[in-house]
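Please read this briefing with the structure open beside you. It moves from the whole chains to the sheet they share, and then to a helix and a core.

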Amino acid sequence: MIISTELKINTTEAEKIADSKANISRNELVSKVTKFSNVQDKSIKVIRPWQKKVL
Amino acid sequence: MAEESIVEENLQTILSEICKSIRDSDPDIGEKQLKKRLVANFVEYVGQNFFVEKNKELDSFLKDGNKSIKEELNGFSRTYFLERINKNDEIDYLGFVTIRIFNLDISDVDIKIKKKLILSGKSPKNIDCIPCYLIEQVAKNSNVEDNPIGAKDLLDLAMGKIIQSNNLLGSALVTLLGVNIDKVINIYSEYGFEKFGELKTPSGSTVSYQPMYLKLPTGIDSLCQ
């Protein structure tokens with residue numbers, strides 16, 4: 001994507017957004033927070049490429 | 001996807017670890033040289049291992065270390081990776097997302113409708129934009145054989161981060177610019193995003209993007225879900 005252009009909405013679109021309801025529940029969203037564990041929290045040792053050699 | 005084998009990591013941590021590694025090998029290194037080596041190491045170990053098929057702009061984001069690192073260090077955006085720890089205890093970079101705060105321009109919107117989008121008590125005449133979250137980039141690494149993740153996993157990663165930010169700070173809208181190909185737009189639509197506005201084609205690009213939004217749960221209904 002990487003777009004520097006602005007995003008502008010007109011009145012019709014703004015009304016649609018303002019009056020719309022979420023298509024996703026808060027519970028569903030909260031479940032996504034814990035879907036992936038952080039690699040830093042893993043107890044196993046991970047070998048990083050830059051640990052083998054530093055330029 | 002076997003979720004237990006997939007982990008997440010943010011770009012900031014990766015950069016921090018590379019910096020530490022460089023400093024450990026050269027404690028007296030100056031700031032300018034440190035930055036130069038940080039970019040070189042990042043491009044060699046992360047950027048060059050990444051290949052985003054069919055989208056040159058996305059493909060160049062990590063390969064041009066200056067761009068991705070500058071965005072991160074200046075606080076313009078945050079990039080998160082999905083990674084797999086392989087049998088050699090090494091990391092395979094499976095994909096990444098970049099998210100940031102974005103101002104949606106509402107300067108052309110009628111005052112009556114503007115009022116619905118802004119805080120009560122604020123004058124709609126003086127407000128021409130509303131803050132929202134932007135999922136700026138969603139990229140899967142085509143260099144990884146049998147890459148187990150899909151676009152939905154990357155969106156879950158992005159939305160997990162956004163909802164954490166939303167829980168702390170608020171804001172009700174997530175936007176993105178989807179590559180205007182039916183297959184891609186359908187993935188976002190199935191996730192809950194809706195189209196708005198006209199297609200955008202950045203100057204010098206052959207790719208068109210469809211603006212899309214997803215409303216986050218608000219109001220009393222969201223408390224009862």
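A residue is called buried if 20 or more other C-beta atoms lie within 10 Å of its own, exposed if 12 or fewer do, and partly exposed in between, with C-beta atoms placed from the backbone. By that rule, 39% of the 225 residues of chain B count as buried, and 20% of the 55 residues of chain A do. The model is a predicted one, in which local features need pLDDT of at least 70 and side-chain atom pairs count only at pLDDT 80 or more, while totals for chains, interfaces and linings use all residues. Residues are numbered from 1 along each chain as its sequence is written, and chains are lettered from A and ligands numbered from 1 in the order in which they are written.

**The two chains**
- Chain B has eight helices and seven strands, where helices (H or I, at least four residues) and strands (E, at least two) are DSSP runs numbered from the N terminus.
- The C-alpha trace of chain B spans about 60 × 45 × 40 Å along its principal axes.
- Chain A has three helices and one strand, and from the N terminus on its elements run α-α-β-α.
- Two residues are in contact if their C-beta atoms, placed from the backbone, lie within 7 Å, and in this sense 60 residues of chain B are in contact with 44 residues of chain A.
- On the side of chain B that touches chain A, the residues divide into 28 nonpolar, 13 polar and 19 charged; here Ala, Val, Leu, Ile, Met, Phe, Trp, Tyr, Cys and Pro count as nonpolar, Asp, Glu, Lys and Arg as charged, and the others, Gly among them, as polar.

**The sheet**
- Strands of a sheet pair through backbone hydrogen bonds, either parallel or antiparallel.
- An open sheet of eight strands, with mixed pairing, has the order E1(A)-E1(B)-E2(B)-E3(B)-E4(B)-E5(B)-E7(B)-E6(B), two strands being paired if DSSP finds at least two bridges between them.
- Strand E1 (37-38) of chain A and strand E6 (194-195) of chain B stand at the edges, each with a single partner strand, so one side of each is left without a neighbour in the sheet.
- E1(A) pairs with strand E1 (residues 6-10) of chain B in the parallel sense over two bridges, and the bridge partner of A:Asn38 in E1(B) is B:Glu8.

**Helix H6 of chain B**
- Helix H6 (residues 151-169) of chain B has 19 residues and reaches 26 Å from its first C-alpha to its last, close to the expected 27 Å, which is 1.5 Å times one less than the number of residues.
- B:Asp153 lies in helix H6 of chain B, and it counts as buried because it has 21 C-beta neighbours inside 10 Å.
- H6(B) is followed by B:Gly170, whose phi is positive, near 90 degrees.

**The core**
- A nonpolar core is a set of buried Ala, Val, Leu, Ile, Met, Phe, Trp, Tyr and Cys residues joined through C-beta atoms within 7 Å, and the largest one has 68 residues, with B:Phe42, B:Val97, B:Ala158 and B:Val174 having the most contacts inside it.
- Strand E3 (residues 91-105) of chain B gives the most to this core, with eight residues.
- Leaving aside neighbours within four places in sequence, the contacts of B:Val97 include B:Tyr80, B:Leu154 and B:Ala158.
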